[in-house]
Amino acid sequence: MRARELGRKSVVVGDRVSLVGDVSGTDGALARIVRITERRSVLRRTADDDENTAEGRLERVVVANADQLVIVSALADPPPRTGFIDRCLVAAYDAGIEPLLCLTKADLAGPEQVVGYYTELELPYVLVRPDSDLDALRALLAGRVSVLVGHSGVGKSTLVNRLVPDALRAVGVVSAIGRGRHTSTSAVALRLPRTPGGDGDPGWIVDTPGIRSFGLAHVSAESLLHGFPDLVEGTVECPPNCPHTPDEADCALDAWVTAGKADQRRLASYRRLLASRAGEGDPREVERNPGDPLAGS
Ligand SMILES: Nc1nc2c(ncn2[C@@H]2O[C@H](COP(=O)(O)OP(=O)(O)OP(=O)(O)O)[C@@H](O)[C@H]2O)c(=O)[nH]1
Ligand SMILES: [Mg+2]
């Protein structure tokens, strides 16, 4: 039970709390959460990007005290969306959580396109297929709290069940993004099991329900840039208070891209986020980027 003075939505997955009462864990035991320890990190998202809309103001804490954001993207079925991954990167940098890209369904398609898009970023990534061993991933999860985020059907729960065989997380069939049912409906933190020969803490993993979009209304326009470390250095030559928008003739980012220092598509993605924060258009609209099948968010 939660002590009443803590309020309704105060405790989230990952919180460290103080309990009073019967903490034996036996059937019928009752304990009360009386205090929430100060959070080391808070991963948030909003329903959309615009703080002037009701959805934009509706901020959700996804998880507290995570060290690592595992961005789970299938290489096919559903297809990868770099716009979504870019949003997750912004949220991770904003929350002070390290990102890790986990590309699932590598048995269905190759990772070249997605990995190529992030070349300048040196974003760590792992590939997962049904028959791959998960040692590399386990090593990256060890000793930390990691939270899995991704669209519905990308294989988060499948992965959790492989990592934590006792987890028994429900696994669903893939339906069209945004229209189907999400198999997982709440976030759950699970302790990773010790592996034979593995020493030290194997870490914790948090499975979350699939999300349609990662709204960023809570991230300021300046902080958006932190999700694009490959562009940051390019802004050094910008005039003071440069908005970095396409119509800003003196913005140095175009020259930065022309000089081959960053990928044109990353700049386009950053500018789409800027525009979406300003309330221009629906961030979930994939059709706005017809030239780039990867770009949807
Ligand atoms: N071919 C292939 N299929 C996979 C792989 N991983 C998961 N799947 C399948 O993808 C479907 C969806 O997997 P889930 O684990 O339920 O996906 P999820 O991300 O937890 O989905 P939500 O709970 O809705 O967010 C299932 O039919 C899995 O069997 C993989 O590496 N390769
Ligand atoms: Mg799931």
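Biologist: Is Arg 138 buried, partly exposed or exposed?
Modeller: Arg 138 is partly exposed, with a relative accessible area of 27%. Buried means under 20% relative accessible area, exposed over 50%, partly exposed in between, with a 1.4 Å probe and protein chains only. Note that this is a predicted model: local features need pLDDT of at least 70, side-chain atom pairs count only at pLDDT 80 or more, and totals for chains, interfaces and linings use all residues. Residues are numbered from 1 along each chain as its sequence is written, chains are lettered from A and ligands numbered from 1 in the order in which they are written, and side-chain values use heavy atoms, leaving out hydrogens and water.

Biologist: Which residue forms a salt bridge with Arg 138?
Modeller: Asp 135, with the closest N and O atoms 3.7 Å apart. A salt bridge here is a side-chain nitrogen of Lys or Arg within 4 Å of a carboxyl oxygen of Asp or Glu. Both residues sit in helix α4 (residues 135–141), three residues apart, so about one helical turn separates them. Asp 135 is partly exposed, at 49%.

Biologist: How are helices and strands assigned?
Modeller: They are DSSP runs numbered from the N terminus: helices are H or I with at least four residues, strands are E with at least two.

Biologist: How many salt bridges does the count come to?
Modeller: Nine. One of them joins the side chains of Arg 39 and Asp 15, at 2.8 Å, N to O. That pair links distant parts of the chain, 24 residues apart: Arg 39 is in the loop between β2 and β3, Asp 15 in the segment before β1. Asp 15 is buried at 14%, while Arg 39 is partly exposed at 27%.

Biologist: What about Arg 271, which side chain does it meet?
Modeller: Asp 254, in a salt bridge of 3.0 Å, N to O. This one links helix α9 to helix α8, 17 residues apart in the chain. Arg 271 is buried, at 12%. Asp 254 is partly exposed, at 32%. Separately, Asp 86, Asp 230 and Arg 266 are joined into one network by salt bridges that share partners.

Biologist: Switching to the sheet. What's the strand order?
Modeller: β7-β6-β5-β8-β10-β9, an open sheet of six strands with mixed pairing. Two strands pair if DSSP finds at least two bridges between them. β7 and β9 are at the edges with a single partner strand each, so one side of each has no neighbour in the sheet. The twist averages 25 degrees from one strand to the next.

Biologist: How many bridges join β9 to β10?
Modeller: Four, and the two strands run antiparallel. Arg 191 stands opposite Trp 204 in β10.

Biologist: Which strands does α2 touch?
Modeller: β5, β6 and β8. Contact means heavy atoms within 4.5 Å. The direction of α2 makes about 175 degrees with that of β5. Axes are lines fitted to C-alpha atoms, for helices over the stretch in contact, and angles run from 0 to 180 degrees between N-to-C directions.

Biologist: And which residues touch the most others in the largest nonpolar core?
Modeller: Leu 43, Leu 69, Tyr 118, Phe 214, Leu 231 and Tyr 270, out of 49 residues. Such a core is a set of buried Ala, Val, Leu, Ile, Met, Phe, Trp, Tyr and Cys residues joined through side-chain atoms within 4.5 Å. Helix α2 gives the most to this core, with eight residues.
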